[in-house]
Amino acid sequence: MRPLTETETQALFAKLANYTGNSLKNLIAPLDDSPNGDRYVFRIQNSRCYYVRLSLANLATSISRDKLLSLGTCLGKFTKTGKFRLHITALPILAEHARYKVWVKANGEMPFLYGGHIVKAHVGRWSEDCAEHQGVVVYSMNDTPLGFGVTARSTQEARRLDPTGITCFRQADCGEYLRDEDSLFATN
C-alpha cells in the first residue's frame, strides 16, 4: 500500500466533497488530542483506494504488496484515466458524513435496490436547498442507508416535476453486493 499522489488526492477529495461538503475535514482529523494521536489516512493498493487508520497502515508495510489484498474500508478505485469511482463499500463513511440526504418511500426501495433511478413519486423527503448534480445519500424512511447518487434537479425544480420525473440518478446501491458479487471484491 502506498500513499496517494497529489493528483490522486485531488480527484479523491473532489469526489468525496461532492457528498460530504465541509465535513470532509472530519474524515482525516486526529482521533484524539494527544501529540501522537492516531488518525485515518487514504492508501492505494492495486488502483483501489482504502480508508484506514494510520497505525494499521504502518503495520501493513511489513506485508509484501503482492500478498496484501486489502486493508481498511475500500472507498473506490481510480480508473486508467485518473478519475475516481466510488464503490458501494464507501456507503458507511458517506452516510456518516453526508451533507444532503434523500429518503425513499417503501414502494421505492426495491426499484432503487434493483438499480433504478429515484423518481419523484418514490421520494418521501429530501434535504432542503440541494443543488442540481449534488451528491446525496439515499435512505429508507427508517434511516437505513441504501446507497448514494447524484441529484437530477434542485429541490425547487423537483417539486414541480411530474411523479414519473427522475429526481436522483443512482450511483451505487446495496443491491450491488448481490448483483456484482463476482467483481466487487476482485483483485484484478
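This report walks through a helix, a sheet, one arginine and the cysteines of the structure above.

## How confident is the model?

What you see is a predicted model. Its chain has a mean pLDDT of 90, with 97% of the residues reaching 70 or more. Confidence is lowest in helix H7 (residues 176-179), where the mean is 81, and highest in strand S9 (residues 135-140), where it is 96. Keep a general rule in mind here: where pLDDT is low, the predicted coordinates should not be read in detail.

## Helix H1 and its two sides

Let's start with helix H1, which covers residues 6-20 and so has 15 residues. From its first C-alpha to its last, H1 reaches 20 Å, close to the 21 Å expected at 1.5 Å a residue.

Which residues of H1 are buried? They are Glu-8, Ala-11, Leu-12, Leu-16, Tyr-19 and Thr-20. These residues cover an arc of only 150° around the axis, which puts them on the same side of H1. Turned away from that buried side is a face with the exposed residues Glu-6, Thr-7 and Ala-14. After H1 comes Gly-21, which has a positive phi near 70°.

## An open sheet of strands

Now follow the strands. An open sheet is formed by 6 strands in the order S7-S11-S10-S9-S6-S8, and the pairing is mixed. At the edges stand strand S7 (118-119) and strand S8 (123-126). Each has a single partner strand, so one side of each is left without a neighbour in the sheet.

Buried residues make up 6 of its 7, so S10 is largely enclosed by the rest of the structure. S10 runs antiparallel to S9, and 5 bridges join the two. S10 also runs antiparallel to strand S11 (residues 166-173), again with 5 bridges. Here are some bridge partners that you can look up:

| Strands | Residue | Bridge partner |
|---|---|---|
| S9 and S10 | Val-137 | Phe-148 |
| S9 and S10 | Val-138 | Gly-147 |
| S10 and S11 | Gly-149 | Arg-170 |

The hairpin of S9 and S10 has 4 residues between the strands, and in this hairpin Asp-143 takes a positive phi near 65°.

Arg-159 lies in helix H6 (residues 155-159). Is Arg-159 buried or partly exposed? With a relative accessibility of 43%, Arg-159 counts as partly exposed.

Leaving aside residues up to four places away in sequence, Arg-159 touches Lys-120, Trp-126 and Glu-128. Lys-120 is 39 residues from Arg-159 along the chain, yet their C-alpha atoms are separated by 8.1 Å.

## What about the cysteines?

A disulfide is a covalent bond between the sulfur atoms of two cysteines. How many disulfides does a search of the whole structure find? The search finds 0.

Cys-49 is in no disulfide, and the nearest cysteine sulfur, that of Cys-74, is 7.7 Å away. Cys-49 counts as buried, at 0% relative accessibility.

Cys-174 itself is partly exposed, with a relative accessible area of 28%.

How values were computed
Residues are numbered from 1 along each chain as its sequence is written. This is a predicted model: local features need pLDDT of at least 70, side-chain atom pairs count only at pLDDT 80 or more; totals for chains, interfaces and linings use all residues. Side-chain values use heavy atoms; hydrogens and water are left out. The expected span of a helix is 1.5 Å times one less than its number of residues. Buried means under 20% relative accessible area, exposed over 50%, partly exposed in between (1.4 Å probe, protein chains only). The arc is that of the directions from the helix axis to the C-beta atoms. A disulfide is a pair of cysteine sulfur atoms within 2.5 Å. pLDDT is the predictor's confidence in each residue, from 0 to 100. Two strands pair if DSSP finds at least two bridges between them. Contact means heavy atoms within 4.5 Å.
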